[in-house]
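Could you walk me through this model, chain by numbers and side chain by side chain? I'd like a plain tour in running text.

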Amino acid sequence: MQTASYTTVKTATGGEGKYPLSTQTLEFIQQQILLLQEIVAICGGKVIIREPDGTNTGLLALNGEVLHIAATPKLTTSIKYVLVTTKKTDILADGETYKEARTVRTAKFSASQSTADNVETYKIGDFVKLTSNSTLAEKVNNMPSIVLQYLSDTLASKLDRLTLTNATQAQINGLKNACVVNCIDSVAVLGFKNYCLTVKCVGSGVVEQVLTTTEGAEYYRAYNAATKKWSGWSVISDSMHIEVKSVGSTLYVRHGVLPVDAKIILLRKKKRSGWRRTGGDKSYTQNKGKRQRRQKKLQYVHFKGVIYKPQL
């Protein structure tokens with residue numbers, strides 16, 4: 001910091017407190033003020049330090065220069081510009097006029113531009129408001145939750161857009177957190193190299209993966225954290241009960257909407273009476289011609305000779 005001993009300076013003849021007032025002294029004081037003004041560079045290039053309130057003036061920093069803002073107009077949505085006016089004045093002293101001895105620069109908000117030669121025009125959008133220390137401290141204290149929320153929102157928005165190209169088996173096996181991954185030209189799974197993996201966690205220690213092929217077929221497997229092993233892939237299929245009626249050589253099937261690749265397997269109970277003969281001509285004498293009750297046959301067998309042709 002530059003300092004001067006205005007009240008304690010001593011002269012060669014023993015004088016004290018007689019600091020000379022000269023243009024050199026005034027220049028020194030001005031340099032002190034300008035040096036102090038450099039502090040506003042911390043704020044940035046164009047910053048509104050304090051807004052005017054209609055009665056009191058405001059303050060702004062313009063590329064390291066501190067300027068007062070006129071008390072009116074106040075900053076509203078209609079304000080589009082900041083006008084900086086430069087005014088130079090003459091000084092009359094000892095019968096002599098000193099031309100443009102003083103320069104005063106002031107600012108004010110405006111809804112329109114100015115065409116005056118001594119006015120500089122800046123867009124209000126180029127200025128930022130100075131954040132107080134208390135506001136900054138509050139933001140710093142809330143930073144962990146803000147960052148975590150931002151990361152959560154970002155990951156959630158990209159969850160269905162994660163894509164892996166040339167994914168390896170290790171990468172596929174390593175997907176144990178909830179996500180949706182589109183795999184392109186990746187390791188072959190069940191003969192497929194392009195597929196989508198939907199991963200979800202179930203309880204503690206169980207992870208499920210559902211593989212969807214480009215044709216819409218789905219396969220499922222699960223990971224057991226206790227054994228640290230994946231199960232084999234199994235196809236996910238839907239089954240439904242439908243009503244079937246046979247009239248002559250025509251088979252009527254009542255069902256809802258079936259997908260194009262649906263397969264219908266017709267089953268029937270294998271007929272067998274509750275009675276059975278225990279002895280024929282070649283049976284033991286004591287069994288010949290006798291019948292006994294037995295349990296009816298309940299198992300189902302394929303209904304052969306039927307071709308399902310859906311009507312379009």
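Leu151 sits in helix 3, residues 143-158, where helices (H or I, at least four residues) and strands (E, at least two) are DSSP runs numbered from the N terminus. With a relative accessibility of 42%, Leu151 counts as partly exposed; on this scale buried means under 20% relative accessible area, exposed over 50%, and partly exposed in between, using a 1.4 Å probe and protein chains only. Together with Val147, Leu148 and Tyr150, Leu151 makes a nonpolar surface patch of about 410 Å². Patches are built from residues with over 30% relative accessible area and no salt bridge, with like charges joined within 9 Å and nonpolar side chains (Val, Leu, Ile, Met, Phe, Trp, Tyr) within 5 Å.

Before going further, a word on what you're looking at. This is a predicted model, so local features need pLDDT of at least 70 and side-chain atom pairs count only at pLDDT 80 or more, while totals for chains, interfaces and linings use all residues. Residues are numbered from 1 along each chain as its sequence is written, and side-chain values use heavy atoms, with hydrogens and water left out. The chain's mean pLDDT is 79, with 76% of its residues at 70 or more; pLDDT is the predictor's confidence in each residue, from 0 to 100. Where pLDDT is low, the predicted coordinates should not be read in detail.

Now the overall layout. The chain has four helices and 20 strands. Buried residues account for 18% of its 312 residues. The accessible surface comes to about 23700 Å², and 53% of that belongs to carbon and sulfur atoms; areas come from the Shrake-Rupley method with a 1.4 Å probe, and for residues only the protein chains shown count as cover. Of the contacts between residues at least 6 apart in sequence, 35% join residues at least 24 apart, a contact being heavy atoms within 4.5 Å.

What holds the inside together in terms of side chains? In soluble globular proteins, nonpolar side chains tend to be buried together. Here the largest nonpolar core has 15 residues, and Ile172, Leu175, Cys183, Tyr195, Leu197 and Leu211 touch the most other members. A core in this sense is a set of buried Ala, Val, Leu, Ile, Met, Phe, Trp, Tyr and Cys residues joined through side-chain atoms within 4.5 Å. Strand 9 (179-184), strand 10 (195-202), strand 11 (206-213) and strand 12 each supply at least two residues of this core. Leaving aside neighbours within four places in sequence, Leu197 has contacts that include Ile172, Leu175, Val181, Leu211 and Trp233. There's also a second, separate core of 13 residues, with Leu60, Leu62, Val84 and Ile124 among them.

On to the charged pairs. A search of the whole structure finds five salt bridges, each a side-chain nitrogen of Lys or Arg within 4 Å of a carboxyl oxygen of Asp or Glu. One of them pairs Glu51 with Lys129 at 2.9 Å, N to O. Glu51 is in the loop between strand 1 (46-50) and strand 2 (58-62) while Lys129 is in strand 7 (residues 128-129), so this bridge ties together parts 78 residues apart in sequence. Glu51 is partly exposed at 33%, and Lys129 is exposed at 52%.

Another bridge joins Glu65 and Arg105 at 2.7 Å, N to O. Glu65 belongs to strand 3 and Arg105 to strand 5, so the pair links parts 40 residues apart in sequence. Glu65 is partly exposed, with a relative accessible area of 22%, and Arg105 is partly exposed, also with 22%. Then there's Asp90 with Lys99, whose closest N and O atoms are 3.9 Å apart. Asp90 is partly exposed at 41%, whereas Lys99 is exposed at 67%. Salt bridges that share partners also join Glu65, Arg105 and Glu120 into one network.

Most residues other than glycine have a negative phi, and most peptide bonds are trans. Thr72 and Pro73 are joined by a cis peptide bond, with omega about 0 degrees, and Pro73 is in the loop between strand 3 (65-69) and strand 4 (81-93). Glu100, not a glycine, has a positive phi of about 50 degrees and lies in strand 5 (residues 96-110). Lys228 has a positive phi too, near 60 degrees; Lys228 is in the loop between strand 12 (218-224) and strand 13 (229-230) and is exposed, with a relative accessible area of 63%.
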